[in-house]
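Let's take a walk through this fold together. Have the sequence and the model open beside you, and follow along as we go.

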Amino acid sequence: MADVKKFIEEIKTMTVLELNELVKALEEEFGVSAAAPVAVAAAPAAGAAPAAAAEEKTEFNVVLKDAGAKKIDVIKVVRAFTGLGLVEAKAAVEKGGVLKENVAKEDADKILADLKAAGATAVLE
């Protein structure tokens with residue numbers, strides 16, 4: 001063990017250039033590489049990436065584009081799934097945009113169907 005400790009002490013005194021030469025010499029002598037291993041699985045095939053991203057999406061945002069002619073019915077639906085009060089739900093319907101964020105697919109589809117049944121134009125993002 002004394003030789004290993006002596007070798008480590010010798011390495012501590014070396015400059016960066018000397019250490020670089022030592023690494024290159026060890027690589028040549030033993031036929032190895034000191035480079036970090038590259039993760040092959042980290043780069044999926046280009047054609048598989050969009051399909052995988054589409055399948056992985058499990059949460060959606062419900063976005064109101066237009067309240068339509070039956071604004072009162074849309075406000076009722078918004079109140080039902082957001083738990084907002086009448087004034088807040090009315091303001092949300094008039095403003096439009098994202099009504100509910102990070103909703104599970106099944107719940108988002110139900111909310112979307114309810115909004116469309118009330119006469120609103122809405123989408124999932």
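## Asn102 and its strand

Asn102 sits in strand β2, where strands are DSSP runs of E with at least two residues, helices are runs of H or I with at least four, and both are numbered from the N terminus. The phi of Asn102 is near 50°, a positive value in a residue other than glycine. For context, most residues other than glycine have a negative phi.

A word on the source: this is a predicted model, in which local features need pLDDT of at least 70 and side-chain atom pairs count only at pLDDT 80 or more, while totals for chains, interfaces and linings use all residues. Residues are numbered from 1 along each chain as its sequence is written, and side-chain values use heavy atoms, with hydrogens and water left out.

## The chain overall

The protein chain holds 6 helices and 3 strands, arranged along the sequence as α-α-α-β-α-α-β-α-β. Of its 125 residues, 19% count as buried, meaning under 20% relative accessible area with a 1.4 Å probe, protein chains only.

Contacts (heavy atoms within 4.5 Å) also tell us about the fold. Among those in the protein chain with a separation of 6 or more, 65% come from residues 24 or more positions apart.

## The sheet

The 3 strands make an open, antiparallel sheet in the order β2-β1-β3; two strands pair if DSSP finds at least two bridges between them. Because β2 (97-104) and β3 (121-124) stand at the edges with a single partner strand each, one side of each has no neighbour in the sheet. From one strand to the next, the twist averages 20°.

Strand β1 (residues 59-66) pairs with β2 in the antiparallel sense over 5 bridges, and Glu59 has Ala104 of β2 as its bridge partner. Helix α6 (residues 105-117) packs on this sheet, touching β1, β2 and β3, and its direction makes about 145° with that of β2.

## Two helices side by side

Helix α4 (residues 71-82) and α6 have axes that come within 9 Å and cross at roughly 160°; axes are lines fitted to C-alpha atoms, for helices over the stretch in contact, and angles run from 0 to 180 degrees between N-to-C directions. The two helices, α4 and α6, are therefore roughly antiparallel to each other, a label for angles over 145 degrees.

Val74, Val77, Val78 and Phe81 of α4 meet Ile111, Asp114 and Leu115 of α6 in this contact. These residues divide into 6 nonpolar, no polar and 1 charged, with Ala, Val, Leu, Ile, Met, Phe, Trp, Tyr, Cys and Pro counted as nonpolar, Asp, Glu, Lys and Arg as charged, and the others, Gly among them, as polar.

Note on methods: Parallel < 35°, antiparallel > 145°, perpendicular 65-115°, else oblique. Buried < 20%, exposed > 50% of the residue type's maximum accessible area, 1.4 Å probe, protein only.
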